[in-house]
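Student: I have a model open and would like to go through it with you. Can we start with the strands?
Tutor: Fine, here it is.

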There are 2 protein chains.
Amino acid sequence: MANAKLLPVLEPETVAPCCPPLTERTLTAEEAVTTAAMFKALSDPVRLRLFSAVASHEGGEACVCDISDVGVSQPTVSHHLKKLKEAGLLTSERRGTWVFYRVEPSVLAAMGQALHHYGG
Amino acid sequence: MANAKLLPVLEPETVAPCCPPLTERTLTAEEAVTTAAMFKALSDPVRLRLFSAVASHEGGEACVCDISDVGVSQPTVSHHLKKLKEAGLLTSERRGTWVFYRVEPSVLAAMGQALHHYGG
């Protein structure tokens, strides 16, 4: 961290993968904060629809032009995509005019792992 | 719905199992509401710790006396257990002095299914 700059204060949604199965033992306070932030990112219906639109799009990525058909305004779409990025569930990359969003599998894998005794 | 009575307005946390994998297609608005409510129930760190305490307890059930060691007051514990019940993640049963809480596997299975392409 020799070259560390002053970093912006991270919102609670900013997380890294973690998380033992919920059936294994009581989570530590720290694990619970991280895991809860991931679940929180998917706790809004519009955000969840946008996320599923990206996740199910061909190649696992989509541009805003592909996924804005969820009945909310463009600024609302942008707001929720930003939240999903902050939570680490999506990454984005600009290519020419459009920003493309892609699912970050490691964070979803962590959530799946937390629930893995229950998965189908 | 011939015999439908006036039902109380359900809180958003009140859910039933559902939910296709998020990678399959864009969720419908209705599916998104149901799925988001389940994720929301686990989006609070204290609630998540309490849930993991029940889920990991011997026999998959616990009484309040077993799980109140998460650093919050008894009323707060009760509040969060109520929320988990409303979301369908826990069921409860009184036996003598104590109320016992048990994980409801079907709701967790629905959440696991939503994430199942990512699970470990």
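Tutor: In chain B, strand E2 (residues 90-95) and E3(B) run antiparallel and are joined by 6 bridges. Strands count as paired if DSSP finds at least two bridges between them, and the elements are DSSP runs numbered from the N terminus, helices being H or I with at least four residues and strands E with at least two. This is a predicted model, in which local features need pLDDT of at least 70 and side-chain atom pairs count only at pLDDT 80 or more, while totals for chains, interfaces and linings use all residues. Residues are numbered from 1 along each chain as its sequence is written, chains are lettered from A and ligands numbered from 1 in the order in which they are written, and side-chain values use heavy atoms, with hydrogens and water left out.

Student: Which residue in E3(B) is the bridge partner of Thr91(B)?
Tutor: Arg102(B) is the partner of Thr91(B).

Student: And what happens at the turn, at Gly96(B)?
Tutor: Gly96(B) has a positive phi near 65° in the hairpin of E2(B) and E3(B), with 2 residues between the strands.

Student: Which other strand of chain B is joined to E3?
Tutor: Strand E1 (residues 61-63) of chain B is, antiparallel and through 3 bridges, with E3 spanning residues 98-103. Within that pairing, Cys63(B) is opposite Phe100(B).

Student: What does the hairpin look like in chain A?
Tutor: E2(A) and E3(A) have 2 residues between the strands, and Gly96(A) has a positive phi near 65°. Those two strands are antiparallel with 6 bridges, and Thr91(A) has Arg102(A) as its bridge partner.

Student: Switching to charges, how many salt bridges are there over all chains?
Tutor: The search finds 10, a salt bridge being a side-chain nitrogen of Lys or Arg within 4 Å of a carboxyl oxygen of Asp or Glu. One of them pairs Glu61(A) with Arg102(A), at 3.2 Å from N to O. Glu61(A) lies in strand E1 and Arg102(A) in strand E3 of chain A, 41 residues apart, so to speak distant parts of the chain.

Student: How many salt bridges cross the interface of chain B and chain A?
Tutor: The rule finds 0 there.

Student: What does the interface consist of, then?
Tutor: Contact (heavy atoms within 4.5 Å) involves 36 residues of chain B and 37 residues of chain A. The buried area is about 2800 Å², 74% of it on carbon and sulfur atoms; that is accessible area (1.4 Å probe) lost on putting the two parts together, summed over both.

Student: Which elements of chain B give two or more residues to that side?
Tutor: Helices H1 (29-41), H2 (45-56) and H5 (105-114) of chain B do. H2(B) gives the largest share, 8 residues.

Student: Last topic: what rotation superposes chain B on chain A?
Tutor: A rotation of 180° with 0.0 Å of shift along its axis, at an RMSD of 0.0 Å. This is the relation of a two-fold axis. The superposition is by least squares on C-alpha atoms of residues with pLDDT of at least 70 in both copies.

Student: Which residue of chain B comes closest to the axis?
Tutor: Phe39(B), with its C-alpha at 2.6 Å.
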